[in-house]
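The sequence and the model come next.

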Amino acid sequence: MRFPLSMTAGMASYIARNKFRPNPEWQKTVVTAPDASNPFRIVYTHTGADRKPHPMINKRFPLVLMLEPLHTCNLTCTGCGRIREYESTITQKLSLQQCLDAVHECGAPIVSICGGEPMLYPELGPLTAKLIEENKTIYLCTNGMFIQKRLKEFKPADKFFFNVHLDGMEKNHDIAVEREGVFREAIQGVKAAKQAGFRVCTNTTVYKETDMNEIEEMFEYLAQFKVDGHTISPAYGYSSVNDREIFMTRDDIHEKFKTIDKLADRFPLFSTPTYLEFLQGKRDYPCTAWGNPTYNVKGWKGPCYLITDGHYKTFEELMNKTQWENYGAGNDPRCDHCMVHCGFEPSAALGINSKLGDTFKLMTWAFR
Ligand code: SF4
């Protein structure tokens with residue numbers, strides 16, 4: 001089975017509940033002027049009648065909270081927008097209570113702890129312990145370099161995953177993270193965590209230069225450590241990352257993922273089969289960015305994990321003041337080539353634009 005049964009069942013009932021009875025406090029639309037002080041803000045080019053309506057615009061609720069307790073990192077990865085966008089607040093961090101308040105405020109069943117490098121966050125042990133106690137599913141997204149050092153601060157649990165960032169085999173991963181030796185340390189971390197009884201998955205970003213044969217080689221290599229699963233997503237062209245060369249167009253992404261089925265057959269991919277079909281260009285989804293809200297030292301980041309047009313004090317404000325209809329391919333040029341999991345996995349999980357046979361496909365995937 002790909003995920004613990006309690007996780008699959010809990011998620012299914014959470015989605016059904018919220019689809020049937022969405023929280024009315026999150027469905028208001030408050031029109032506000034864009035934040036003129038935001039350096040990454042652009043003027044919308046698609047307005048009015050040419051916008052595509054979103055089928056769940058009045059049923060907004062979060063699935064995965066992207067919690068960033070801090071933006072400090074020991075690395076300067078080529079494709080990372082965080083260390084660039086949050087340079088002025090890079091030394092700040094959320095308190096443990098602020099992290100917990102954000103989790104409670106939005107109520108998402110899955111918490112992805114990211115950053116920065118969350119393993120540099122001093123209160124990480126108590127934070128994960130509290131989230132486990134509250135029956136949350138936790139993905140602790142890390143470059144893996146501090147796993148061995150801090151492992152004693154955590155306890156294994158069914159719904160707690162170390163999610164280790166690996167973009168290729170040793171040579172290319174170390175180039176992507178701009179430091180030699182990172183791959184080897186991450187692998188030591190994976191081994192140590194598995195030996196101590198933790199669940200471990202990996203997280204791979206696919207760039208223009210990525211060779212998918214190398215990703216297959218990496219999954220083969222990781223199989224010996226009994227890694228529990230892999231998430232994979234195309235890179236997104238952050239406004240805050242200058243190097244446009246590394247990012248892909250939608251056509252590039254379709255081409256890159258055309259053989260992903262072969263990997264999905266051989267390895268436990270955590271990405272849903274319907275999302276993978278979207279990456280292959282076999283189906284279309286609207287962006288459902290509210291499904292993956294982000295909270296950090298500046299507040300609730302809107303509209304999404306990737307682009308920032310504002311930060312809000314409360315989750316309710318994020319849900320109501322973000323002009324959701326302005327985003328997504330065809331609505332905002334910044335979104336035109338975006339196919340990242342944080343915008344589109346929620347669309348797949350919610351069954352938007354579903355086809356006959358999808359339920360069977362998803363059940364087979366979840367229980368395999
Ligand atoms: S498509 Fe969605 S997730 Fe992607 S950049 Fe636009 S708003 Fe963000």
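Helices (H or I, at least four residues) and strands (E, at least two) are DSSP runs, numbered from the N terminus. Residues are numbered from 1 along each chain as its sequence is written. This is a predicted model, in which local features need pLDDT of at least 70 and side-chain atom pairs count only at pLDDT 80 or more, while totals for chains, interfaces and linings use all residues.

## The chain as a whole

The chain holds 14 helices and nine strands. Its radius of gyration is 19 Å, close to the 21 Å that the globule rule gives for 368 residues, so the chain is as compact as a globular protein of that length. The radius of gyration is taken over C-alpha atoms, and the globule rule is 2.2 Å times the number of residues to the power 0.38. Along the principal axes, the C-alpha atoms fill a box of roughly 55 × 45 × 40 Å.

Of the 368 residues in the chain, 43% are buried. A residue is buried if 20 or more other C-beta atoms lie within 10 Å of its own, exposed if 12 or fewer, and partly exposed in between, with C-beta atoms placed from the backbone. Two residues are in contact if their C-beta atoms, placed from the backbone, lie within 7 Å. Among contacts between residues at least 6 apart in sequence, 77% join residues at least 24 apart.

Nine strands form an open sheet with mixed pairing, in the order 6-5-4-3-2-1-7-8-9. Strand 6 (229-234) and strand 9 (308-312) are the edge strands, each pairing on one side only. From one strand to the next, the twist averages 25 degrees. Two strands pair if DSSP finds at least two bridges between them.

Strand 1 (residues 64-67) and strand 2 (residues 110-113) run parallel and are joined by four bridges. Val-64 has Ile-110 as its bridge partner in strand 2, and Met-66 stands opposite Ser-112. Strand 2 also pairs with strand 3 (residues 137-142), in the parallel sense and over four bridges; there, Ser-112 has Tyr-139 as its bridge partner.

Strand 7 (residues 294-296) pairs with strand 8 in the antiparallel sense over three bridges, and a hairpin of two residues joins them. Tyr-295 has Trp-300 as its bridge partner in strand 8.

Strand 8 (residues 299-303) is mostly covered, with four of its five residues buried. Strand 8 runs antiparallel to strand 9, joined to it by four bridges. These two strands form a hairpin with four residues between them, and Lys-301 has His-311 as its bridge partner in strand 9.

## Helix 7 and Lys-194

Lys-194 is found in helix 7.

Not counting residues up to four places away in sequence, Lys-194 touches Val-200, Phe-225 and Lys-226. Pro-156 is 38 residues from Lys-194 in sequence, and the two are 9.7 Å apart in space, C-alpha to C-alpha.

Helix 13 is mostly covered: eight of its nine residues are buried. The buried ones are His-341, Cys-342, Gly-343, Phe-344, Glu-345, Pro-346, Ser-347 and Ala-348. They pack against strand 1, strand 6 and helix 11 (273-279). After helix 13 comes Gly-351, whose phi is positive, near 75 degrees.

Asp-336 lies in the loop between helix 12 (315-321) and helix 13 (341-349). Asp-336 is partly exposed, with 13 other C-beta atoms within 10 Å. Asp-336 and Gln-188 are 148 residues apart in sequence and 39 Å apart in space, C-alpha to C-alpha.

## Around the ligand

Which residues come nearest to the ligand? Of the 14 residues around the ligand, they are Cys-287, Cys-304, Cys-335, Cys-338 and Gly-343. A residue counts as near a molecule or strand if its C-beta atom, placed from the backbone, lies within 6 Å of it.

The shell divides into eleven nonpolar residues, two polar and one charged. Here Ala, Val, Leu, Ile, Met, Phe, Trp, Tyr, Cys and Pro count as nonpolar, Asp, Glu, Lys and Arg as charged, and the others, Gly among them, as polar. Gly-343, one of the nearest residues, is also one of the buried residues of helix 13.

Notes
Axes are lines fitted to C-alpha atoms, for helices over the stretch in contact, and angles run from 0 to 180 degrees between N-to-C directions.
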